Amino acid sequence: MTASTFSYALEVVNLKKAFGGLAVTQNVSLSIRPGERRLIIGPNGAGKTTLFNQISGDLRPNSGSIRLFGSDITHLPPYKRAHFGLSRTYQIITLFTGDTLEHNVTLGLLGLRRARWQMWRPLSFYGNMTTEARRTLDAVGLLQLATHPISDIAYGERRRVELAMALAQQPRVLLLDEPLAGLSNTERATVKSLIASIPRQTTVIMIEHDMDTALDLAETVTLLNYGRVIVDGERDAVIADERTREVYLGT
Amino acid sequence: MKWIGAALLAGSLLLPPLFAGDFYINLASQILIAAIFALSLNLLVGFGGMTSLGHASYLGVGAYISALLTSRYGFGHGAAALLSIAGTTAMAAFFGVIALRASGLGFLMITLALSQVLWGLAYRMSNVTNGDNGVAGLTRPAPFGISLDSPISFYWFALIVATFALVMMAIFVSSAFGSSLKGVRDQPRRMAALGFNPWLIRWITFVYAGFWGGVAGLLYVYYHKYIHPTSLSTTSSAEALLGVIAGGSGTLGGPAVGAALVLLLKNYVSAYLERWNMLLGLVFLFIVLVMPTGIVPGVSRLTTRLRGGVR
């Protein structure tokens, strides 16, 4: 099954979500093509992460539907979506701090394999998983720290482990929630080139506030405000749009 | 260093029967039973992050099934043991579905409530359970024709079962599934996003813990040759939980050490002090203040620090 046989990698149709009286997602529709690089922007509280949480299954929408490569995943629990080829990272770093970098990435691999139910063989029995985890750590430039616990490494390095866990899964659709948040300029450049090197088999949808870096990575942009899609389209068209300036660029 | 520790442990387990009196041998047997029970609870508390205050249900029901089947319904010990373990495990499967609707404090309250129901039934259904009088006049099994009536033979039997239980639970927690379980304990949301089914992982562990709770119950009833509703009480659950936390939850040996401590305090101190619970409380407080992660992690940290100082 190749990605190109479907017209859309991810389709969100009329998604609605309210917390009590507060409508955080109002009729959001998105159509993202296989291999596309989509940037989602919007002011704080625009509902970007809430939208991600609905796509990944952490939150149930009140109505609307979500389709991944043509299959309706609206009512699937998060773990089943992962098996459909959806991976995500978190704005707030969510790692296993007592475990090594290698173990963290291996968990990403284990999650998609039957070995996760294996009750008498240790994880170390699966040497190929360790090899693959180390290869991914190498790709994000952290191989030399592979056997250190997460608690030993710096914030910027944790951001990269966060990315490595998702990349190791070789997802069809990857949701990146502020992958550059809190990074120094040098670290930004590193992570930017990492994201740029993600293979085209993976569709990338990214929330990011750092426009200077993120716009270079994006082909298409969606602007959200108060839970609504304000502008949606090719990068340059969205940037040039008057409404974008009004809502986001604030000039 | 590890070998010295292992040799000391093996020595302390293998030597007592050679010189100790019956009192101490019996005490050692009870410690082994309490250790299996605490280890099984630790699968939930330490490795699964599911703090249960109703684990006595499995010990008590395991014991009652065997007691009633052998004394009232004429079953042999072999068949009774199998039915007892199967029944306890099936109960864990059912209780797990109920209790795992919640997590954290909610989970704790549901396990507590379920165990209270069983405790109440054991008291009130006196036509079956003999109520407050308990079921007395039980016998010990004789596996392969070897009588377990003497303290020494029972000790060896308990030691074999306890060793087997420890090995089985050690394999379980260090397996790939064990990694899934610890991951779900630490970051359930992340684990779900990575493709793990947190509910099913917790439920399987709950059932496995119930199984070993039932095994502890069988040994318990064989040892005492008597069973009373107090075995199902919250106190019984709480003592095991205390042992797990005091010894070091989430470690393999910790709960066994903790269970031994609770049992020794109970047996020794209660001979001199009416209010032995008070001393148990003080000891527990001391452990929590000095070694918040428990005795086993605390002591191992202390020894590495001391050795580092010598060098």
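Trainee: How many Å separate the centres of domain 1 of chain A and domain 2 of chain A?

Mentor: The centres, taken over C-alpha atoms, are separated by 26 Å. Please note that this is a predicted model, in which local features need pLDDT of at least 70 and side-chain atom pairs count only at pLDDT 80 or more, while totals for chains, interfaces and linings use all residues. Residues are numbered from 1 along each chain as its sequence is written, and chains are lettered from A and ligands numbered from 1 in the order in which they are written.

Trainee: Which residues belong to domain 1 and domain 2 of chain A?

Mentor: Domain bounds come from an automatic or database domain assignment. For chain A, that assignment gives domain 1 as 1-85 + 173-188 + 203-251, and domain 2 as 94-170. Eight residues from domain 1 of chain A and seven residues from domain 2 of chain A make up the contact, where two residues are in contact if their C-beta atoms, placed from the backbone, lie within 7 Å. The side of domain 1 of chain A that touches domain 2 of chain A has four nonpolar, three polar and one charged residues. In this scheme Ala, Val, Leu, Ile, Met, Phe, Trp, Tyr, Cys and Pro count as nonpolar, Asp, Glu, Lys and Arg as charged, and the others, Gly among them, as polar.

Trainee: How many helices and strands does the secondary structure of chain A come to?

Mentor: Helices (H or I, at least four residues) and strands (E, at least two) are DSSP runs, numbered from the N terminus. Chain A has nine helices and ten strands. Its radius of gyration is 18 Å, close to the 18 Å that the globule rule gives for 251 residues, so chain A is as compact as a globular protein of that length. The radius is taken over C-alpha atoms, and the rule is 2.2 Å times the number of residues to the power 0.38. The C-alpha trace of chain A spans about 55 × 40 × 40 Å along its principal axes.

Trainee: What does the secondary structure of chain B come to?

Mentor: Chain B comes to 15 helices and zero strands. A compact globule of 311 residues would have a radius of gyration near 19 Å, and the 20 Å of chain B agrees with this. Taken along the principal axes, the C-alpha atoms of chain B fill a box of roughly 60 × 50 × 40 Å.

Trainee: How many residues does the contact take from chain A and from chain B?

Mentor: It takes 24 residues from chain A and 19 residues from chain B. On the side of chain A that touches chain B, α2 (78-83) and α3 (101-110) each supply at least two residues. The largest share, four residues, comes from α2(A). By class, this side of chain A has 14 nonpolar, six polar and four charged residues.

Trainee: By what are two packed helices described?

Mentor: They are described by the angle between their axes and the distance between the axes. Axes are lines fitted to C-alpha atoms, for helices over the stretch in contact, and angles run from 0 to 180 degrees between N-to-C directions. In chain B, the axes of α3 (residues 22-47) and α8 (residues 151-174) come within 9 Å and cross at roughly 15°. These two helices, α3(B) and α8(B), are therefore roughly parallel to each other; angles under 35 degrees count as roughly parallel, over 145 as roughly antiparallel, 65 to 115 as roughly perpendicular and the rest as oblique. The contact of α3(B) with α8(B) has 20 nonpolar, two polar and one charged residues.

Trainee: At what angle do α4(A) and α5(A) pack?

Mentor: Helix α4 (residues 127-139) and helix α5 (residues 155-168) of chain A pack at an angle of about 130°, with their axes 9 Å apart. They are therefore oblique to each other. In the contact, Glu132(A), Ala133(A), Thr136(A) and Leu137(A) of α4(A) meet Ala164(A), Leu167(A) and Ala168(A) of α5(A). These residues divide into five nonpolar, one polar and one charged.

Trainee: At what angle do α3(A) and α4(A) pack?

Mentor: The angle is about 115°, and the axes of α3(A) and α4(A) are 9 Å apart. That makes α3(A) roughly perpendicular to α4(A).
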